[in-house]
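Hi everyone, thanks for coming.

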Amino acid sequence: MKIEFEHSQAAHCESGVTVSILRFYGIRISEPVVFGIGAGLFFSYMPFIRLHGMPVFSFRPLPGHIFARVTARLGIRMNKRRFLNENRSMEALDRLLEQGIPVGSVVGVFYLPYFPKEYRFHFNAHNICVFGKEGDVYTVSDPVSQVTNELKHDELKRVRFARGTYPPLGKMYWVKRISTASPDLRPAILSGIRLNCSRMLDIPMPWFGVRGIRLLAAKMRRWERKLGAKKAALQLAQVIRMLEEIGTGGAGFRYMYAAFLQEAAGIAEKPVLREMALEMTRIGDLWRDFAWEGARKFKRRGGDICTYDALADKLIAIADAEKQFFIRLREAVK
């Protein structure tokens, strides 16, 4: 069995899967708009959670939130499930495929056989869409791939139940009912913007949003003295990897959000969002500059290398810029 499913590449796995599933049901929305409606821009620094022995840094909400927010705002009923039993999870997946339903799935990337070896690491928040099965082989749409891929039964089961930080536990999600293929995007866009502003500005805990960026800057100033040169470099490398290489997208997500605001200006009839898009692009440039200087620091390349204090200053400048940006954006969509 194979569902007629249109595969396409995307900048980010979850927003890409969401775009493809909505397209299957006749709703054609660009990835930046999906990302914006889902309030996909975020920052978190969580030293109490460890990935490869180091704190977790993330530039996106928890896996599944974008799809859930988008479907809720577009009036689409969705379902999601996790499992303790691996075989039951595969049986549940098969039943949905037999009904002609494409299924989003959260997987670990380390054991994905079609991933190049240099890109395999223990990261359990990758999203793919399963849309076919012939015998023991499943057909999947992975937004990072140019073409569709195939996974054997045991291969798919293994990545759905990857071990480690945030194990996916066979998590899958799918559309249960759609009321219209032409939903009103304007209220969904404005609601998504308001939530994103709140997530970046209003969470009182110090690990999230603009506060989280400032906390990271404060901690970074003490890394070398507290951890030593080698461990400090590893911490910095972890930040840059989460920022530029893993699907948590730092600067890249800022550019995607700018594209969303550019498109939203016309849909929501708010021209000021075009100006905000330019400002978000400049903030993305600040993140990219931080990543560049940080990479030179931990690789020890070039004569004039930033100190940890200088890198922390860059983070403070980013935090100031993002705070002012989201305050102005909130005013623009009141």
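Let's start with charge: how many positive and how many negative side chains does the protein have, and how far apart do the centres of the two sets lie? There are 52 positive side chains and 33 negative ones, and the two centres sit 7 Å apart. Keep in mind, please, that what you're looking at is a predicted model.

Okay, the overall build. We've got 11 helices and 8 strands here. The radius of gyration is 20 Å, close to the 20 Å that the globule rule gives for 334 residues, so the protein is as compact as a globular protein of that length. If you boxed up the C-alpha atoms along the principal axes, you'd need roughly 60 × 45 × 35 Å.

What about contacts along the chain? Take those with a separation of 6 or more: 70% of them are between residues 24 or more positions apart.

Of the 334 residues, 55% count as buried. The accessible surface comes to about 15000 Å², and carbon and sulfur atoms account for 51% of that.

Let's head into the middle. The largest nonpolar core has 114 residues, and the ones touching the most other members are I193, L261, W287, F290 and L329. Helix α11, residues 308-332, gives this core its largest share, with 11 residues.

Let me zoom in on F290. Leaving out residues up to four places away in sequence, F290 touches M220, V239, I240 and L243, and also L311, K314, L315 and I318.

That's my tour, so over to you.

Conventions:
Residues are numbered from 1 along each chain as its sequence is written. This is a predicted model: local features need pLDDT of at least 70, side-chain atom pairs count only at pLDDT 80 or more; totals for chains, interfaces and linings use all residues. Side-chain values use heavy atoms; hydrogens and water are left out. A nonpolar core is a set of buried Ala, Val, Leu, Ile, Met, Phe, Trp, Tyr and Cys residues joined through side-chain atoms within 4.5 Å. Buried means under 20% relative accessible area, exposed over 50%, partly exposed in between (1.4 Å probe, protein chains only). Helices (H or I, at least four residues) and strands (E, at least two) are DSSP runs, numbered from the N terminus. Contact means heavy atoms within 4.5 Å. The radius of gyration is taken over C-alpha atoms; the globule rule is 2.2 Å times the number of residues to the power 0.38. Accessible areas come from the Shrake-Rupley method with a 1.4 Å probe; for residues, only the protein chains shown count as cover. Lys and Arg count as positive and Asp and Glu as negative; His and the chain ends are not counted. The place of a charge is taken as NZ of Lys, CZ of Arg, CG of Asp or CD of Glu.
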